Amino acid sequence: MPRGAPERTEMSGEPENTDIDAQAARWVVRLDGHTPTATEQRLLEEWLDQDVRHVGAYARARAIYLQFDQLRAPGDPTLTQSTAPHGSKLTRRRMLLWATGGGLAAALSGVALLWPRSVQEYSTRIGEMRREPLPDGSIITLNTGTRLAVAYTERSREVKLLHGEVLVEAAADPAARLFKLNALDTQITTAAAAFAVRVLNRDGIQIMVQNGQVQVMDLSIPARPITLPANTLALPQHATGADLSAPPLVTERIDPAEVDRRLAWQRGQLSFEDVTLEYALQEFARYGDVRVVIDDPSIGSLKVVGLYSAADPIGFARTVAVSLGLRLEVRGGIAHLKAA
């Protein structure tokens, strides 16, 4: 059965409309922002041909998903307006079905629905942290260089994390609205919980639950959501092969002390526990323009530990130079670390 093909119910033998909508939403999200590969295009065409309802569901899903364009800044190549997949060979009949497929659904599984009238953007500059209360009593804390958008409607509370790192303290809602955060191809849903989400170009998505529990769904593939309880860390699966059966996120239980250590950025600090020197310097680079460079590649893999001020990379360089037996030279405002 092709990837994305509808599931059949045991009673009727036909896919339910909600299943079709969910599959259509996953296709839209999967193809957003890039030209489909030949395999993706073939699978999409096969799925559209299987049932006339698929075309209408796909049209509705795209219409809803395009509402995200209200959040995207002009001129940002990573957030440009979505268009229909390049190379789609849609017949006149399909185009008609797109136009007459019915009104927009109020909600669609796997697609975040953000009404422009209620969207508010928040952002932080490099080195800035910001704590913001939301109308329902929830609180978001933005780390350095973070950008996100918040949208509340009568039916939903939604956040789209565009870049950076945020701690969400989602309060229970009297109207029983779920709190949803979307980032990359992932949707995180909870009734009430505190959780941190990090989206950086080099890392993919990282999720950490401080208290409560959240459900995580990968919107790019047909899969059941996974539940993350308190004191759980979820990291991206960096598989070296083409194993499509591997889970997109690898989870591990951590103790409260580790949770607090990973949230040290709220206090303007960086806490390292057996990480490489190269990784530590990449973290410091997120918080300011003062550079610490490694002149000898052989020392980049040395391990560092400790708690440091995020605003003092030179102080960090001095400390690790002593503890690791390295040489430190500061020239023109740039700290150079070398093997002794």
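1. Arg286 counts as buried, at 10% relative accessibility (buried means under 20% relative accessible area, exposed over 50%, partly exposed in between; 1.4 Å probe, protein chains only). The model is predicted: local features need pLDDT of at least 70, side-chain atom pairs count only at pLDDT 80 or more, and totals for chains, interfaces and linings use all residues. Residues are numbered from 1 along each chain as its sequence is written, and side-chain values use heavy atoms, with hydrogens and water left out.

2. Arg286 forms a salt bridge with Glu165, closest N and O atoms 3.2 Å apart (a side-chain nitrogen of Lys or Arg within 4 Å of a carboxyl oxygen of Asp or Glu). Glu165 lies in strand S5 and Arg286 in the loop between helix H6 (277-285) and strand S15 (292-294), so the pair ties together parts 121 residues apart in sequence. Helices (H or I, at least four residues) and strands (E, at least two) are DSSP runs, numbered from the N terminus. Glu165 is buried too, at 7%.

3. Arg198 and Glu283 meet in a salt bridge at 2.6 Å, N to O. This pair links strand S8 to helix H6, 85 residues apart. Arg198 is buried at 7%, Glu283 at 4%. Glu165, Arg198, Glu283 and Arg286 are linked in a network of salt bridges.

4. Strand S8 (residues 193-200) has eight of its eight residues buried. Both faces are covered, Val197 being on one side and Arg198 on the other.

5. S8 runs antiparallel to S5 (residues 157-170), with seven bridges, and to S9 (residues 204-212), with eight. Strands pair if DSSP finds at least two bridges between them. Val197 partners Val166 and Ile207.
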